[in-house]
Each structure stands twice: as structure tokens, then as C-alpha cells.
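These entries record what I looked up in this structure.

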Amino acid sequence: MRQIQHFILASGSPRRKRLLLDAGLAFDVVEAPPDVEEDIAPGLEAEAGAIRRAQAKAGYVARLNPDAFVLGADTVVVLNGEILGKPSSRDDASRMLGLLSGRTHEVITAFTLLGAGSRQEEAVTTKVSFRLLDEETIGRYAESGESMDKAGAYAIQGMGGSLVDRVEGSYTNVVGLPVAEVLKVFMRCGVVTDAPLHSAI
């Protein structure tokens, strides 16, 4: 008889939750408060910063749940070395979309899995190319409101998918979590939940 381990997603992201549910996993959600990232030194490279934030989120939740496996993640959008975070306003969203128009950027998602005295972590990069966008398209998408809680001001799984010309690498990584890579780490660590681990999308 297999032993069921307690698995917690340390994220309030509905996109990460949906990806893991679609992969057939059973888990609880415990979101780390935003201030757990305040002690992370500024000026880190995009990938290093994403890894540190994923560690901080997972670490906070793991300290409260020492017997569980805890997954934390962080996603950043990078264009020519500049990190594009979540827009502060619709005007800011329009600015970001204008920068991405007709260009290729990188989406980096780092994840950390803590449990059974071990730490597994990885950062996955996907290249995303936008088609050339006119001002009307940018304005219409920004006004839709879909940009507002998304790094880089777009959601590839929503209407933002119409802005994208090409994806090189993991699609789910752009949504918010590289599912195939996460499942490989789970299998390697022997994580078993109430639902079976399925193949990634």
C-alpha cells in the first residue's frame, strides 16, 4: 500500500493551481505573504532572483508545515535584460506590450520543492515572440484588464494568446509553471498524492 504524502502549493496563483489540477495532482494551497520576498537582495540576475523568490515562498510555508512537501514558484518576463513585472496600471500595461511588440522575450519560471529534508529546484526558460502590434490592438487588450496581474502584462492562456506569434520551449512555463519539469522532480523525490501523477501536457 502506497504512503500518501501531504503536498502544498505555496502560491495563490489560480493558473498554477489549474495546471497542477490538470496534471492530476491533489494538494492544498497555502499562500506565502508578499513580505517574504522583502529580504531578497536587489540587483540579482533574473534567473537568480526568481530562484530566490521561489525559495522564499516555499521556505515560509514549509516552516509552518514541516511534514509536507511544499512547492514554491516565481515567474519573470525578461526583454533584453530588462525585467518586466506586473503592470501598475493600464497605461503601464500598454507600455510593456509596446516594448514586446514584434520582439522575442524570455519567460523564466523557477520552482523549489521542499520536503523530506531535501530541496530540489530548477529554472526553466521559454522564448516567446510577439507579432507586431498596432496601437489599437495594444489599447484594446490593455483595457480588457487581463494584463493587470500578469508578469509582462499578458496571459498566453487567455486573450493574450492572440498577441503571440511563436513559442520556443514549454508552453505551461509561460502560463506560470513548467509542468513536465515539476512532475519529473516529483517522481525523482517519490512524491505521492491522493491522485496519480500523470504525464505532463
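**Entry 1. Salt bridges.** I searched the whole structure, a predicted model, and the search returned eleven salt bridges. I then went through several of them individually.

I looked up Glu 143 and Arg 90 and found that their side chains meet in a salt bridge, with 3.3 Å from N to O. Glu 143 belongs to helix α4 (residues 135–144) and Arg 90 to helix α3 (residues 90–100), so this pair ties together parts that are 53 residues apart in sequence. I noted the accessibility of each partner. Glu 143 is exposed, at a relative accessible area of 52%, where the cut-off for exposed is over 50%. Arg 90 is partly exposed, at 37%.

I next examined helix α3 itself. Asp 92 and Arg 95 both lie in it, three residues apart, which is about one turn of the helix. They form a salt bridge whose closest N and O atoms are 2.9 Å apart. Is Asp 92 buried or exposed? I recorded it as buried, because its relative accessible area is 14% and buried means under 20%. Arg 95, by contrast, is partly exposed, with a value of 41%.

In helix α4 I found a further pair, Arg 140 and Glu 136, which stand four residues apart and are thus separated by about one helical turn. Their side chains meet in a salt bridge at 2.6 Å, N to O.

**Entry 2. Overall fold.** Reading along the sequence, I wrote down the pattern β-α-β-α-β-β-α-β-β-α-β-α-α. Of the 201 residues in the protein, 48% are buried. I looked up the accessible surface as well, which comes to about 10000 Å², with 48% of it belonging to carbon and sulfur atoms. Turning to contacts between residues at least 6 apart in sequence, I found that 66% join residues at least 24 apart.

**Entry 3. Aromatic pairs.** How many aromatic pairs does the structure hold? I found three. In one of them, the rings of Phe 7 and Phe 186 have centres 5.0 Å apart and planes at 80°, so I classed the pair as edge-to-face. This pair links distant parts of the chain, since Phe 7 is in strand β1 and Phe 186 in helix α6 (residues 179–189), 179 residues apart. I recorded Phe 7 as buried, and Phe 186 likewise.

I then looked at Phe 130 and Tyr 154, whose ring centres are 4.9 Å apart with planes at 75°, so this pair is edge-to-face. Phe 130 lies in strand β6 (residues 118–130) and Tyr 154 in the loop between α4 and β7 (164–168), so the pair ties together parts 24 residues apart in sequence. Phe 130 is buried at 4% relative accessible area, and Tyr 154 counts as buried at 5%.

**Entry 4. Phe 7.** Phe 7 is placed in strand β1 (residues 7–9) and counts as buried at 1% relative accessibility. Ring pairs link Phe 7, Phe 27 and Phe 186 into a cluster. I also looked up Phe 69: it is 62 residues from Phe 7 in sequence, yet the two are 4.8 Å apart in space, C-alpha to C-alpha.

Methods. Residues numbered from 1 in each chain as written. Predicted model: local features only at pLDDT ≥ 70, side-chain atom pairs only at ≥ 80, totals over all residues. Heavy atoms only, no water. Helix = DSSP H or I, 4+ residues; strand = E, 2+ residues; numbered from the N terminus. Buried < 20%, exposed > 50% of the residue type's maximum accessible area, 1.4 Å probe, protein only. Salt bridge = Lys/Arg side-chain N within 4 Å of Asp/Glu carboxyl O. Contact = heavy atoms within 4.5 Å. Areas by Shrake-Rupley, 256 points an atom, 1.4 Å probe, with all protein chains shown as cover. Phe/Tyr/Trp six-rings, centres within 6.5 Å; stacked < 30°, edge-to-face > 60°.
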